[in-house]
Amino acid sequence: MIFDLEATCWRGPAPNGQNEIIEIGAVRMDIGGEYLGEFKQFVKPVLNPLLSPFCKTLTGISQDQVNAAQTYKYVIRDFIDWGRVEDEHTFLISWGENDKLYLHNDCKLHKIDSIWLKNHIDLKKHFRHLKRLNNYVSLKRAIQLEGMEFEGDRHRAFDDAYNLSRVFGKHIDEWSFY
C-alpha cells in the first residue's frame with residue numbers, strides 16, 4: 001500500500017510540539033503492480049483544530065474539510081481495514097520516514113497500537129539506491145527523473161500517493177526489498 005499524509009503545519013514549530021495528520025491518501029497495488037483501489041480521507045485534528053493560514057495555503061485543505069472529518073482514531077481504523085495493513089504480507093510504502101513518524105505519533109496521541117507500522121518501506125531511500133544518486137531527491141524530482149509529469153496537486157495526500165505509485169509501478173521488478 002502506497003500512502004502519503006498531510007499534517008498540520010506552521011511557518012515555525014508546532015505550537016504544542018506535534019503536527020497532526022489532516023489527510024490520508026493511499027493507493028493499493030498488488031505485487032505485480034496491479035492497481036487495486038484508493039483511499040482518501042480528511043482527519044480532524046484535536047490538539048490544534050484550527051489550521052494555520054500557512055497550512056491552508058500549502059495544502060489547499062480548508063478548515064471546513066477538516067471540521068467535517070472524523071478524528072484520527074476513526075479514520076485510522078478505516079485506513080487499516082481498507083489497506084489490510086495488519087496483514088504481515090502488506091507493506092506500507094511512503095516517500096521518506098516522516099509519514100511513518102506522523103502515523104506513530106498520532107497513534108500514540110490517540111492510544112492506538114502502532115505495531116502495524118512494522119512493515120514500512122521508505123521508497124525515497126530505495127529510489128536513491130536504485131538510481132545510484134548521491135543525494136535524496138523530492139518526489140517531484142523523482143517523477144521528473146522518470147520522464148513523467150506530476151499529476152494533480154502537490155501537498156495533497158492522494159495526489160502524492162498516486163504519483164509515488166507511478167514511480168513504484170515503473171520499477172516493480174527492480175526494488176530490492178522483496
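User: When do two strands pair, and in which sense do β3 and strand β4 pair in this predicted model?

Analyst: Two strands pair if DSSP finds at least two bridges between them.

User: Over how many bridges do strand β2 and strand β3 pair?

Analyst: Strand β2 covers residues 21-29 and strand β3 covers residues 35-44. Glu-23 has Phe-42 of β3 as its bridge partner. The two strands run in the antiparallel sense, and the number of bridges is 7.

User: Which residue takes a positive phi in the hairpin of β2 and β3?

Analyst: The hairpin of β2 and β3 has 5 residues between the strands. A positive phi near 90° occurs there, and the residue that takes it is Gly-33.

User: Is Lys-100 buried, partly exposed or exposed?

Analyst: Lys-100 lies in helix α4, which spans residues 98-109. Leaving aside neighbours within four places in sequence, Lys-100 is in contact with Phe-3, Leu-117 and His-120. Buried means under 20% relative accessible area and exposed means over 50%. Lys-100 has a relative accessible area of 27%, so Lys-100 is partly exposed.

User: Why does His-120 count as buried?

Analyst: His-120 lies in strand β6 (residues 120-122). Leaving aside neighbours within four places in sequence, its contacts include Phe-3, Leu-92, Glu-97 and Lys-100. The cut-off for a buried residue is under 20% relative accessible area. His-120 counts as buried because its relative accessibility is 14%.

User: Within what arc do the buried residues of helix α5 fall?

Analyst: The buried residues of helix α5 (residues 123-131) are Leu-123, His-126, Phe-127 and Leu-130. They line one face of the helix, because, seen down the axis of α5, they fall within an arc of 105°.

User: Which residue caps the N-terminal end of α5?

Analyst: At the N-terminal end of α5, a side-chain oxygen lies 3.0 Å from the backbone nitrogen of Lys-124. Just after α5, Arg-132 takes a positive phi of about 55°. The residue that supplies the capping oxygen is Asp-122.

Key:
Residues numbered from 1 in each chain as written. Predicted model: local features only at pLDDT ≥ 70, side-chain atom pairs only at ≥ 80, totals over all residues. Heavy atoms only, no water. Helix = DSSP H or I, 4+ residues; strand = E, 2+ residues; numbered from the N terminus. Buried < 20%, exposed > 50% of the residue type's maximum accessible area, 1.4 Å probe, protein only. Contact = heavy atoms within 4.5 Å. Arc of directions from axis to C-beta. Polar contact = N/O pair within 3.5 Å; in protein donor to acceptor, adjacent residues only side chain to side chain.
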